[in-house]
Amino acid sequence: MTRTPTNLLAVRSLLLTHLNVDPNTDRPADLEPAEVGIVGDPAHRGGYHCGSDRVVTNDYSVVESSRDRDGLTLDAAALDVGGFEVRSGGRTHTLPSFSIWCVGECAANATDTRDIREIIYSPDGTTVKRWDRLGKRTSGDSSHRWHTHVSFFRDAIKAGRDQRPLFHRYLTSIGLIKGDDDMDMTAGERQALIEDIAAGVLNAQLGRSGPSLGNAVQTTYVQVAKLAAATGQDPTNAEAIVAGVLAGLSPERIAAAIPLSLAKQVADELARRLVA
């Protein structure tokens, strides 16, 4: 079964974290989780969205480069990005402007683009173009008017190389990432973030008459999104991320997060349950 590789999942998480909501309006920027795809649907055969179980005879995503032949595994090696519109730095940024920027960096042979084999995109929502590092193709089908396809050489996916730098650079260039580099978060910083999330959620649950986990998560959404970006998780699955954080808490950390005003009530309740 074709797999979703961790390094492309991390790119997906990064884009969804920063392009899912317009930071200037708090309204959706139209980039939905379903619009950032890696593995083709079950009927999909051939191409970079497929792993070794779904490639076809003389598949161009395998035979045209030794990097693809040598790197073929069950992992998919492509990313689709759907439409979005976000305001940042006094400008409106959209899928076409994102695609043009990425193609420009690839054409300039920027270091962080060298694992990209091709980009199929539309610069205007009408014309479909294809940038191909191997110079073999120049076109794509009409579906690329509303989504951009990025293929990665399969050996880069097999090696697990981080593919976020180019996309992180784009988000920085348009002002959506400033200073705090989630991608380079240290282990200590990550642990501190985990503990802050745990404390925030526990306080919300215990201090507000026990709201649901979903409501408590909203109080720490920005921190959860940062943790998702740093760990390659899907930011839209915030409750699962927080559940994982809570499951890893020590008794000491749980106790530290409980408001003093509730500590006696919690202790009494635990004692009652132990006796029962």
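## Cysteines and disulfides

A disulfide is a pair of cysteine sulfur atoms within 2.5 Å. In general terms, a disulfide is a covalent bond between the sulfur atoms of two cysteines. A search of the whole structure, which is a predicted model, finds 0 disulfides. Cys102 is in no disulfide, and the nearest cysteine sulfur, that of Cys106, is 6.8 Å away.

Burial is described by relative accessible area: buried means under 20%, exposed over 50%, and partly exposed in between, with a 1.4 Å probe and protein chains only. Cys102 counts as buried at 3% relative accessibility. Cys50 is also buried, with a relative accessible area of 0%.

## Basis of the values

Residues are numbered from 1 along each chain as its sequence is written, and side-chain values use heavy atoms, with hydrogens and water left out. Because the model is predicted, local features need pLDDT of at least 70 and side-chain atom pairs count only at pLDDT 80 or more, whereas totals for chains, interfaces and linings use all residues.

## Helix H1

Helices (DSSP runs of H or I, at least four residues) and strands (DSSP runs of E, at least two) are numbered from the N terminus. Helix H1 covers residues 6–19 and has 14 residues. From its first C-alpha to its last, H1 reaches 20 Å, close to the expected 20 Å, which is 1.5 Å times one less than its number of residues.

H1 is mostly covered, with 12 of its 14 residues buried. Among them are Leu8, Val11, Arg12 and His18.

## The loop at Pro123

Pro123 is found in the loop between strand S5 (116–121) and strand S6 (129–132). Pro123 is partly exposed, with a relative accessible area of 25%. Leaving aside neighbours within four places in sequence, Pro123 is in contact (heavy atoms within 4.5 Å) with Pro96, Ile100 and Lys129. The C-alpha atoms of Pro123 and Thr148 are separated by 9.9 Å, and these residues are 25 residues apart along the chain.
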